[in-house]
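Here are my notes on this one, point by point. Have a look at the model first.

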Amino acid sequence: MKKLLLSASVALLMFSCQKDNEVVTEDQTTTSSSITHRGCASHEVLEQQLRENPGLAQKMEEIESKTRSFLSSSTGRLVNGRIEIPVVVNVLYRTAAENISLTQIQSQIDVLNKDFNAQNSDYNQVPSLFSGVKANVGISFVLDQVIRKSTTKSSWGTRDAMKKSKQGGINPTSPTTKLNLWVATIGGGILGYAQFPGGSTATDGVVIDSKYFGVTSNSGSSYPYNLGRTATHEVGHWMNLRHIWGDATCGSDLVSDTPVHNTANYGVPAYPHYSTCSGTPVEMTMNYMDYTDDRGMYMFSLGQKARMDAIFASGGARNSFAQP
């Protein structure tokens, strides 16, 4: 299952050479009935940030260098043992449906805690082929604050307007010690997006469309993205995980124990689903960093756990979250 890891510089070059027409501007709306598969804009937002900030590529290369150093060290460990991350939820609403309840918000925090601690009820569905690498990440989340703001915007796009009070949004709260989640209608068929480590603290955090935040009814308009796994996927990006197919045909996600995927998977693929890449490995379609439906994703790998651990370690990009 081991894949050749790309160097960070090659990966960043790949990111910077992609088209930029995937970034969603404000008021690009798409009805829930037209969303046929998961849409995460984290990769496209990163490409845009790399174009706009010439120094970001070097900063991310440094993060990758420290990550590789951590992964190769037998003594690397978290600074403060088990990490507990305070979460600030910023709700931007135009309609009553967008002004989601505290119960709905707490349901999302509960999902994050289960998924990152191998307490999700579907964890035991991981096939035996991957049972040796399925991981308890061991990071927990606690709701710190909910901030609500009424707006006249029908959608916010993916240019971070929701994170800026001057553009009608909400500025992040203590972004070096608290994970900020923005809940807002994004538009353009996008369920959510995250900022990778290394970006500006002024825009750091995760954005989730209000329809897909927390647990909702199986018969509601948010199905099949109704189990809170959009946030699990996006928080994975925030912790420096890439899409499992590496955002390229047979690309690398910079993790050694995930099989090479030829592209994203959608829906709930029947197991085993074979890659068309060299060696035709069985793909880890149930990994949170694929594009499957919420009920089709239910594991992180040990390699992904190690990569997440690295950003909280001494010298890591999110080490401030690991302090007492």
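1. Is C277 buried or exposed? C277 is buried at 4% relative accessibility, where buried means under 20% relative accessible area, exposed over 50% and partly exposed in between (1.4 Å probe, protein chains only). Its partner in a disulfide is C250, which is partly exposed at 33%.

2. A word on the basis. This is a predicted model, with local features needing pLDDT of at least 70 and side-chain atom pairs pLDDT 80 or more, while totals for chains, interfaces and linings use all residues. Residues are numbered from 1 along each chain as its sequence is written, and side-chain values use heavy atoms, without hydrogens and water.

3. Back to that disulfide (cysteine sulfur atoms within 2.5 Å): a search of the whole structure turns up one. The sulfur atoms of C250 and C277 sit 2.0 Å apart, and the link is left-handed, at -95 degrees about the S-S bond. Both cysteines lie in the loop between α5 and α6, 27 residues apart.

4. Now the sheet. β4 runs antiparallel to β5 (residues 206-208), joined by three bridges, and A194 stands opposite V206.

5. Last, helix α4 (residues 102-115), a DSSP run of H or I with at least four residues.

Notes:
Two strands pair if DSSP finds at least two bridges between them. Helices (H or I, at least four residues) and strands (E, at least two) are DSSP runs, numbered from the N terminus. The expected span of a helix is 1.5 Å times one less than its number of residues.
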